[in-house]
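Open the model in your viewer and keep the sequence panel beside it. We will go from one selection to the next and look at what is there.

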Amino acid sequence: MLLLHHLENSRSQRIAWALEVLKLEYEVKVYQRTSGNTAPESLKRVHPLGHAPVLQDEELTIAESGAILEFLADEYDTSNQLRPVDKIALRKYRYWLHFAEGSFMPLLVMMLVFRKIPTQPMPFFVKPIAKSLCNKVIDSFIMPRLEDVLALVEKHLQANEWFAGEARSAADMQMSFPLLAMRSVSAMDQYPSIERWLQTIRKDSDYQHAVERVGEFKAF
Ligand SMILES: N[C@@H](CCC(=O)N[C@@H](CS)C(=O)NCC(=O)O)C(=O)O
């Protein structure tokens, strides 16, 4: 039996979506976040980094959402629903599968950290300085890069219904988390194709079943 180690409100929903697409039976072990919003220590007993998602398949323990999706494609995707075979679609799939964690998520995590710093306990006279410095980093470094990322995604989704082209693939699963996270912190009116794609995935019955199992991503 497959076991998905799921941290509440996290990237693990990508894997639940893929497991639903493949109609596999799986169990979910849910971990609550700590008061500091981190994963609990108990997740380190599953994988040394203590991050989610982690998938266990009998004696195998697999971490990294992209690697887990590729593992599912290798082992269980008999009808190529996660990974396309067409050469052009495969190229697009690979690019977006890596883009999500390689180019998009680091900026989002950076934004989360710099937004959080001024809310931490500190002497009252330091707070305005911390706030001003953090806003400067967000406005001058993080946001312009995130805008480039969103413009690139928007352009791609203008020309492609799904990330790999004509059909849903694990690239959509991988990109769903940063786009839902982005949507939770900022209006996306200027990105109508991203909005269209977000509406499409919410109507996807496998996505809906995954949400029933692990909950929908709420907000950063
Ligand atoms: N690149 C990894 C990132 C894993 C990761 O950072 N997961 C977050 C959940 S969204 C986590 O476990 N955070 C808790 C923590 O850092 O303590 C992946 O795609 O699986």
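The expected span of a helix is 1.5 Å times one less than its number of residues. Keep in mind that this is a predicted model.

**First stop: helix α5.** Select residues 170–185, the 16 residues of α5. From first C-alpha to last, α5 reaches 24 Å, close to the expected 22 Å. Now center on Ser176: α5 has a kink of about 35 degrees there, shortly before the proline Pro178. Is α5 mostly covered or mostly open? Mostly covered, since 13 of its 16 residues are buried.

**Second stop: helix α4.** Next, select residues 127–159, which make up the 33 residues of α4. Its end C-alpha atoms are 45 Å apart, close to the 48 Å expected. Where does α4 bend by about 40 degrees? Go to Ile142, and you will find a proline, Pro144, following within four residues.

Now color the buried residues of α4, among them Ala130, Cys134, Ile138, Ile142 and Leu146. Further along α4, Val149, Leu150, Val153, Glu154, His156 and Leu157 are buried as well. An α-helix has 3.6 residues a turn, so residues three or four places apart point the same way. Keep that in mind as you look down the helix.

Select Arg168, in the loop between α4 and α5. Why does Arg168 count as buried? Its relative accessibility is 19%, and buried means under 20%. Show the side chains of Asp204 and Asp206 too. The side chain of Arg168 makes a polar contact of 2.7 Å with that of Asp204, and another of 3.0 Å with that of Asp206.

Show the ligand with the 13 residues around it; Ala39, Ala52, Glu64, Ser65 and Glu101 come nearest.

- Ser65: a polar side-chain atom lies 2.5 Å from an oxygen atom of the ligand.
- Arg11: a polar side-chain atom lies 3.4 Å from an oxygen atom of the ligand.
- Glu101: an N or O atom of the side chain is 2.9 Å from a nitrogen atom of the ligand.

**Last stop: residues 1–80.** Finish by selecting residues 1–80, where an unreviewed UniProt entry places the feature "domain: GST N-terminal". Over this stretch the chain is 26% helix and 25% strand.

Note on methods
Residues are numbered from 1 along each chain as its sequence is written. This is a predicted model: local features need pLDDT of at least 70, side-chain atom pairs count only at pLDDT 80 or more; totals for chains, interfaces and linings use all residues. Side-chain values use heavy atoms; hydrogens and water are left out. Helices (H or I, at least four residues) and strands (E, at least two) are DSSP runs, numbered from the N terminus. The bend at a residue is the angle between axes fitted to the seven residues ending there and the seven starting there. Buried means under 20% relative accessible area, exposed over 50%, partly exposed in between (1.4 Å probe, protein chains only). A residue is near a molecule or strand if one of its heavy atoms lies within 4 Å of it. A polar contact is a pair of N or O atoms within 3.5 Å; within protein, one must be able to donate a hydrogen and the other to accept it, and residues adjacent in sequence count only if both atoms are side-chain atoms. UniProt positions are given in the numbering used here, feature names are shortened, and annotations may be inferred rather than shown by experiment.
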